[in-house]
Amino acid sequence: NARPHNLIASSSYENLKFYLDKTVTVTPAGPGATYAETSFTHGLGYIPAFVGMLINPNDTTRHIQLPFGRSPAPIGTTVYANKSTITCAVVLASGSQTFTFRVIVFYNKISEA
């Protein structure tokens, strides 16, 4: 077993208390679509600390921390937040592949806004 200090995030530390662990999918509208996004409400009333990951479609036990892109840039993915929602977005050169994101939201406030 890994100890908390060996992990990317652990709720054992007061400043990293988990609030929400959410998995969402983003599917562009179809061939030729270059952008797609989906949002969910976090309900905290402020911009929370979070970690966004892209689940590897070939090995669902592996996650790629975001933002993530490839060069040349056929794919770009990101996760961003505001006071009410968290949005997962994909920018594509073309295609209609489904992307699965995992977002871990912490109780932490990361903005004075």
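This is a predicted model: local features need pLDDT of at least 70, side-chain atom pairs count only at pLDDT 80 or more; totals for chains, interfaces and linings use all residues.
Visitor: Which residues have the most contacts inside the largest nonpolar core?

Guide: In soluble globular proteins, nonpolar side chains tend to be buried together. Here the largest nonpolar core has 18 residues, and those with the most contacts inside it are Val79, Cys88, Phe99, Phe101 and Val103. Strands E1 (18–26), E2 (35–41), E6 (75–81), E7 (85–92) and E8 (99–109) each give two or more residues to this core. A second, separate core of 5 residues includes Ala49, Met53, Ile104 and Phe106.

Visitor: What is Cys88 in contact with, leaving aside its neighbours within four places in sequence?

Guide: Cys88 is then in contact with Val24, Val26, Ala36, Glu37, Thr38, Thr78, Val79, Phe101 and Val103.

Visitor: Is Thr77 buried or exposed?

Guide: Thr77 lies in strand E6. Its relative accessible area is 4%, and under 20% counts as buried, so Thr77 is buried. Thr77 and Glu37 are 40 residues apart in sequence, with their C-alpha atoms 9.6 Å apart in space.

Visitor: How many aromatic pairs are there?

Guide: A pair of aromatic rings is described by the distance of the centres and the angle of the planes. The count here comes to 2 aromatic pairs. Phe18 and Phe106 are edge-to-face, at 5.4 Å centre to centre with 80 degrees between the planes. This pair links strand E1, which holds Phe18, to strand E8, which holds Phe106, 88 residues apart. Phe18 is partly exposed at 34% relative accessible area, whereas Phe106 is buried at 4%.

Visitor: What are the values for Tyr19 and Tyr107?

Guide: Their ring centres are 5.1 Å apart and their planes stand at 65 degrees, so Tyr19 and Tyr107 are edge-to-face. Tyr19 is in strand E1 and Tyr107 in strand E8, 88 residues apart. Tyr19 is partly exposed at 30%, and Tyr107 is partly exposed at 43%.

Methods:
Residues are numbered from 1 along each chain as its sequence is written. Side-chain values use heavy atoms; hydrogens and water are left out. A nonpolar core is a set of buried Ala, Val, Leu, Ile, Met, Phe, Trp, Tyr and Cys residues joined through side-chain atoms within 4.5 Å. Buried means under 20% relative accessible area, exposed over 50%, partly exposed in between (1.4 Å probe, protein chains only). Helices (H or I, at least four residues) and strands (E, at least two) are DSSP runs, numbered from the N terminus. Contact means heavy atoms within 4.5 Å. Rings of Phe, Tyr and Trp (its six-membered ring) pair if their centres lie within 6.5 Å; planes under 30 degrees apart count as stacked, over 60 as edge-to-face and the rest as tilted.
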